[in-house]
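Work through the exercises below with the coordinates open beside you, and try each task before reading its solution.

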Amino acid sequence: MQKKYVPLVVFLAALLVLAAHLGARAVLAEPAFTYAEEKRVYLTFDDGPSTIVTNRILDTLKEEGVRATFFIVSDRAHGREETLRRIAREGHTLGVHSATHDYASIYASDEALLADVETCATLIRRVTGVVPRVYRFPGGGTAARERQTLLLQERGYRVVRWNAVCGDEEIRGACAAALVAESVRTAGNKQNVVLLLHDSAPHRATAEALPGIIAHFRAQGYTFCAY
Ligand SMILES: [Zn+2]
């Protein structure tokens, strides 16, 4: 190479390094890149509110700085309005589960289902001012609920199922340690975990298990999300 070209080559090489650096930065700064890689866990509590269990769960979520989603049974909220307001005030999401949780009457017809949803949504709105936008079928949503899912989506609800359980309804008399273990087992290595838990009155073990469940997902690098 002729000597007079050396500064030009050095200049061009420097330009290439700079361009590569800026390119890499542009990719790293792109939020979609980060979100696609993010592992997320949604803690979802069904069948409350109850007085002791729901408030213990709220205490833990507050201590841990974690947001969750509560699918409410509105008949159980009478006399527990303050607990319902606390859920909203502390930044959690309120969803509709049912007015009665009585399968026979809820699933008697499409009209019955929609009336049940409306009763629950009205109570949440009246007590907290929150307009609920997420819904979970009592007893879980199977393929048989596809038509009802469409009806609810038309009314603005996002229908939320789950892909992991803590086992508080599945394992009779499970202790807190067993519920942590079942959460870990059923969540496996999923990128997005929607964990089913219950905060109704019998589930003191669920409230006891919650710190261990949160510790597990935190250690695995999950971000806690609410709907
Ligand atoms: Zn339920």
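**Helix packing and the core**

The crossing of α8 and α9 is right-handed, and it is examined here in a predicted model.

**Exercise 1.** Determine which residues make the contact of α8 with α9, and how they divide by class.

*Solution.* Begin on the side of α8, where A176, L179, V180, S183 and V184 take part, and then turn to α9, which contributes A205, T206, E208, A209, G212, I213 and H216. Sorting these residues by class gives 7 nonpolar, 4 polar and 1 charged.

**Exercise 2.** Find the angle at which α8 (residues 176-187) packs with α9, and classify the arrangement.

*Solution.* The two axes lie 8 Å apart and the helices pack at an angle of about 45 degrees. Because of that angle, α8 is oblique to α9.

**Exercise 3.** Identify which residues touch the most other members of the largest nonpolar core, and trace the contacts of L195.

*Solution.* The core has 51 residues, of which I72 and L195 touch the most other members. Leaving aside residues up to four places away in sequence, L195 touches V41, Y42, L43, T44, W162, A164, C166, S183 and A187.

Definitions and conventions:
Residues are numbered from 1 along each chain as its sequence is written. This is a predicted model: local features need pLDDT of at least 70, side-chain atom pairs count only at pLDDT 80 or more; totals for chains, interfaces and linings use all residues. A nonpolar core is a set of buried Ala, Val, Leu, Ile, Met, Phe, Trp, Tyr and Cys residues joined through C-beta atoms within 7 Å. A residue is buried if 20 or more other C-beta atoms lie within 10 Å of its own, exposed if 12 or fewer, and partly exposed in between; C-beta atoms are placed from the backbone. Two residues are in contact if their C-beta atoms, placed from the backbone, lie within 7 Å. Axes are lines fitted to C-alpha atoms, for helices over the stretch in contact, and angles run from 0 to 180 degrees between N-to-C directions. Helices (H or I, at least four residues) and strands (E, at least two) are DSSP runs, numbered from the N terminus. Angles under 35 degrees count as roughly parallel, over 145 as roughly antiparallel, 65 to 115 as roughly perpendicular and the rest as oblique. A crossing is left-handed if the near helix is turned anticlockwise from the far one by less than a right angle, and right-handed if clockwise. Ala, Val, Leu, Ile, Met, Phe, Trp, Tyr, Cys and Pro count as nonpolar, Asp, Glu, Lys and Arg as charged, and the others, Gly among them, as polar.
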